[in-house]
Amino acid sequence: MKIGIIICDRYRRCGGGKCLRAMREHAGGFSRYPKSEPLELVGYSTCDGCPGGNVEYVPAEMIKNGAEVIHLATGMVVGYPPCPYMDYFTTFIEKRYGIPVVTGTHPIPEKYYRVHKDLPSRRILEQFPDLLATPKIREDYD
Ligand code: SF4
């Protein structure tokens, strides 16, 4: 599967280590793919800052480079605060580009889970059981 990743611009200096590790381990948002299926990153970019203007254009380059699915990075789910545009991004990309969108990349780190589980954002986390994974996996991604 050829994958494009769009990250939250607030974390634009992120080196991508957790996302790439999760791809390698088929963890979190990548656990939906069979372990036997090779995963290849063909595009990686930020949304370019609120309200995410790059989301309108960057999928085109990812698709040109072979992307078959676009993942919205986990940072959008556990950011401070969570991105308010995730649903819109998904609807827009799927409608405009005809490519599936998956919310999330690496498992949610335990340190973030501990904060969000007592906040209203818990409701957002609960929408993504693949990202919640298990306590052990969350600790591994701290
Ligand atoms: S909160 Fe959403 S729109 Fe704002 S920078 Fe992050 S991903 Fe982009």
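I started at Ile-7, which stands opposite Thr-46 in S2. Strands here are DSSP runs of E, at least two residues; helices are runs of H or I, at least four; both are numbered from the N terminus.

**Ground rules.** This is a predicted model: local features need pLDDT of at least 70, side-chain atom pairs count only at pLDDT 80 or more, and totals for chains, interfaces and linings use all residues. I number residues from 1 along each chain as its sequence is written.

**S1 and S2.** I looked up the pairing of strand S1 (residues 2-7) with strand S2 (residues 40-46): they run parallel and are joined by 6 bridges. Two strands count as paired if DSSP finds at least two bridges between them. Lys-2 has Glu-40 in S2 as its bridge partner. I then followed the chain from S1 through helix H1 (residues 17-25) to S2; this β-α-β crossover is right-handed. That term means a clockwise path from the first strand over the helix to the second, with the strands pointing away from the viewer.

**S3 and S4.** S1 also pairs with S3, in the parallel sense, over 4 bridges. Gly-4 has Ile-70 in S3 as its bridge partner. S3 and S4 run parallel too, joined by 3 bridges. Leu-72 stands opposite Thr-103 in S4.

**The whole sheet.** Which order do the strands take? The open sheet has 4 strands, in the order S2-S1-S3-S4, with parallel pairing. S2 and strand S4 (101-103) are at the edges with a single partner strand each, so one side of each has no neighbour in the sheet. On average, neighbouring strands are turned by 25 degrees against each other, direction ignored. Axes are lines fitted to C-alpha atoms, for helices over the stretch in contact; angles run from 0 to 180 degrees between N-to-C directions.

**Helix H4.** H4 packs on the sheet and touches strand S3 (69-72) and S4; its direction makes about 165 degrees with that of S4. Contact means C-beta atoms, placed from the backbone, within 7 Å. I checked the length of H4 (residues 86-97): at 1.5 Å a residue its 12 residues should span 16 Å, and the end C-alpha atoms are 16 Å apart, which agrees. The expected span is 1.5 Å times one less than the number of residues. Just after H4, Gly-98 takes a positive phi of about 65 degrees.

**Ligand.** The residues around the ligand include Cys-8, Asp-9, Arg-10, Cys-47, Cys-50, Cys-83 and Tyr-85. A residue is near if its C-beta atom, placed from the backbone, lies within 6 Å. By class I find 7 nonpolar, 3 polar and 2 charged residues in the shell. Ala, Val, Leu, Ile, Met, Phe, Trp, Tyr, Cys and Pro count as nonpolar; Asp, Glu, Lys and Arg as charged; the others, Gly among them, as polar.

Notes. Two residues are in contact if their C-beta atoms, placed from the backbone, lie within 7 Å.
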